[in-house]
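Biologist: Could you take me through one part of this structure up close? I would like a connected account that I can follow with the model open beside me.

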Amino acid sequence: MKKLHFWVIILFIVILSSCEKDDDNYKDAPEDPTQNELLNLVNQARTTGCNCGDEYYPPVDEVKWNSQLEEAAQNHSNDMYEKNYFDHTGKDGSSAGDRIERTGYSWNTYGENIAMGYSSEKDVIEGWLKSTGHCKNIMNKQFTEMGVATKGEYWTQVFAKPSNLASR
């Protein structure tokens, strides 16, 4: 009986370990209503298609939230706020790609939108959609993930596609 009990416990451990959540995917789910709203607004535009300036962009696949891209966005919004500037190039000379890599995210392609002065998620997304370059980032079919963060009046939106989907 002890031998059977031992094997039942081993079997239970094996089953339990094979059912663990993928921590990367779990942590990348939007954590609050603000993040959900931003993701929903972006994906609504992506799945319905829109005009970016004079060019129509047809529907593309949705993006998913990524906490590393959110971290890169937060770091840039914080930096712009604390050092009182508004630019895609950080005060340390960094590009969005540099800031993304600092979070440990390995990208294949990336894009960044920044904004200042918007008071709501809806307003900032509408503003980006009215700007040709920002809109093109939102509608870029190569991007599969995004993160957005704000500090004060500064907003940063980071899009990317990981360099190796199998490792994520």
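Modeller: Happy to! Let's start with helix α4, where the buried residues are Ser 67, Gln 68, Leu 69, Glu 70, Ala 72, Ala 73, His 76, Ser 77, Asn 78, Asp 79 and Met 80. Please keep in mind that this is a predicted model.

The helix itself covers residues 67–83, which makes 17 residues. From its first C-alpha to its last, α4 reaches 24 Å, close to the 24 Å expected at 1.5 Å a residue. At the start of α4 you can find a contact to the backbone: a side-chain oxygen of Asn 66 comes to within 2.8 Å of the backbone nitrogen of Gln 68. Gln 68 is also one of the buried residues of the helix.

Now move to the other end. After α4 comes Asn 84, with a positive phi near 55 degrees. Asn 84 is not a glycine, yet its phi is positive. You will find Asn 84 in the loop between α4 and α5 (96–102). With a relative accessible area of 64%, Asn 84 is over the 50% cut-off, so this residue counts as exposed.

From there, let's turn to the cysteines. The model has 1 disulfide, and its partners are Cys 52 and Cys 135, with 2.1 Å from S to S. These two cysteines link distant parts of the chain, 83 residues apart: Cys 52 belongs to strand β1 (residues 50–52), while Cys 135 belongs to helix α7 (residues 132–139). The link is left-handed, with -65 degrees about the S-S bond. Both partners fall under the 20% cut-off for buried: Cys 52 has a relative accessibility of 1%, and Cys 135 has 0%.

What about Cys 50? Cys 50 is in no disulfide, and its nearest cysteine sulfur, that of Cys 135, lies 3.6 Å away.

One last stop is Thr 34, in helix α3 (residues 33–48). Thr 34 is partly exposed, with a relative accessible area of 35%. Its C-alpha is 9.7 Å from that of Val 148, although 114 residues separate Thr 34 and Val 148 along the chain.

Terms used
Residues numbered from 1 in each chain as written. Predicted model: local features only at pLDDT ≥ 70, side-chain atom pairs only at ≥ 80, totals over all residues. Heavy atoms only, no water. Disulfide = S-S within 2.5 Å. Helix = DSSP H or I, 4+ residues; strand = E, 2+ residues; numbered from the N terminus. Buried < 20%, exposed > 50% of the residue type's maximum accessible area, 1.4 Å probe, protein only. Expected span 1.5 Å × (residues − 1). Polar contact = N/O pair within 3.5 Å; in protein donor to acceptor, adjacent residues only side chain to side chain.
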